[in-house]
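Thanks for asking me to look this one over. My notes are below, as numbered points you can check against the model.

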Amino acid sequence: METIVTLYEGALRTKATHVESGYQLITDVPKEHGGQGETFTPTDLFVASLVSSMLSVMGGIARKPEFNGSIDGLLARTTKTMRQNPHSVAELLIEFDMPKNNYTDEQKQALEAGARNSQVSKSLNDDLKQTLIFNY
């Protein structure tokens, strides 16, 4: 069974439907590329997917009884830099503003490794530059 069904609506806009839940999201192309610029671009969703994957893995680590901590309230701020030829995402700067929870060095190492090794992170091309900054 399909996971996602995506419809091209015209005017450089798509609507993706998550089959199991029925949840829908729309993508648009920036105005400078002929789109309406009213919502996430496909590359924005790519970035959101990566960061969501990182946070989910970090959340899973924090839920383990031996971790004895929480990342609730963690905020990730991402800056995307595009390259022109070929037109693609060239670089991501992701800053993790960690809640003030007095993490041990071992906890910090586990969280940072989790972010770097999420399922989406492992699916990326090596030429995408990723800079991760953890603010504790």
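The points below take the sheets, the helices, the salt bridges and one surface patch in turn.

1. A word on the ground rules. This is a predicted model, in which local features need pLDDT of at least 70 and side-chain atom pairs count only at pLDDT 80 or more, while totals for chains, interfaces and linings use all residues. Residues are numbered from 1 along each chain as its sequence is written, and side-chain values use heavy atoms, with hydrogens and water left out.

2. Let's begin with the sheet S1-S2-S3, an open sheet of three strands with antiparallel pairing. Helices (H or I, at least four residues) and strands (E, at least two) are DSSP runs numbered from the N terminus, and two strands pair if DSSP finds at least two bridges between them. S1 and S3 (24-27) are the edge strands, each pairing on one side only. From one strand to the next, the twist averages 20 degrees; axes are lines fitted to C-alpha atoms, for helices over the stretch in contact, and angles run from 0 to 180 degrees between N-to-C directions.

3. Which residues face each other here? S1 pairs with S2 (residues 13-18) over six antiparallel bridges, and Thr 6 stands opposite Ala 16 in S2. S2 is joined to S3 by four bridges, again antiparallel, with Thr 27 in S3 as the bridge partner of Thr 14. The hairpin of S2 and S3 has five residues between the strands, and Gly 22 there has a positive phi near 85 degrees.

4. The other sheet is also open and three-stranded, in the order S4-S5-S6, but its pairing is mixed. S4 (75-84) and S6 (129-135) each have a single partner strand, so one side of each lacks a neighbour in the sheet. The twist here averages 15 degrees from one strand to the next. S4 and S5 (residues 87-97) pair antiparallel over ten bridges, and Glu 95 in S5 is the bridge partner of Arg 77.

5. Now for the helices. H1 (residues 42-63) lies across S4, S5 and S6, at about 35 degrees to S5. H2 (residues 105-116) lies across S5 and S6, at about 155 degrees to S6.

6. Do look at the salt bridges (a side-chain nitrogen of Lys or Arg within 4 Å of a carboxyl oxygen of Asp or Glu). The count comes to seven. One of them joins Lys 15 to Glu 9 at 3.4 Å, N to O. Buried means under 20% relative accessible area, exposed over 50%, and partly exposed in between (1.4 Å probe, protein chains only). Lys 15 is partly exposed at 23%, as is Glu 9 at 39%.

7. Arg 13 and Asp 28 form another salt bridge, at 3.0 Å, N to O. This pair links strand S2 with the loop between S3 and H1, 15 residues apart, and both residues are buried. Asp 44 and Lys 80 meet at 2.7 Å, N to O, linking helix H1 to strand S4 across 36 residues. Asp 44 is partly exposed at 25%, and Lys 80 is partly exposed at 27%. Through shared partners, salt bridges join Arg 13, Asp 28 and Glu 38 into one network.

8. Finally, the surface. Met 1, Val 5 and Val 19 form a nonpolar patch with about 320 Å² of accessible area together. Met 1 sits in the segment before S1 (4-10) and counts as exposed because its relative accessibility is 86%. Patches are made of residues with over 30% relative accessible area and no salt bridge, with like charges joined within 9 Å and nonpolar side chains (Val, Leu, Ile, Met, Phe, Trp, Tyr) within 5 Å.

Methods: Accessible areas come from the Shrake-Rupley method with a 1.4 Å probe; for residues, only the protein chains shown count as cover. Contact means heavy atoms within 4.5 Å.
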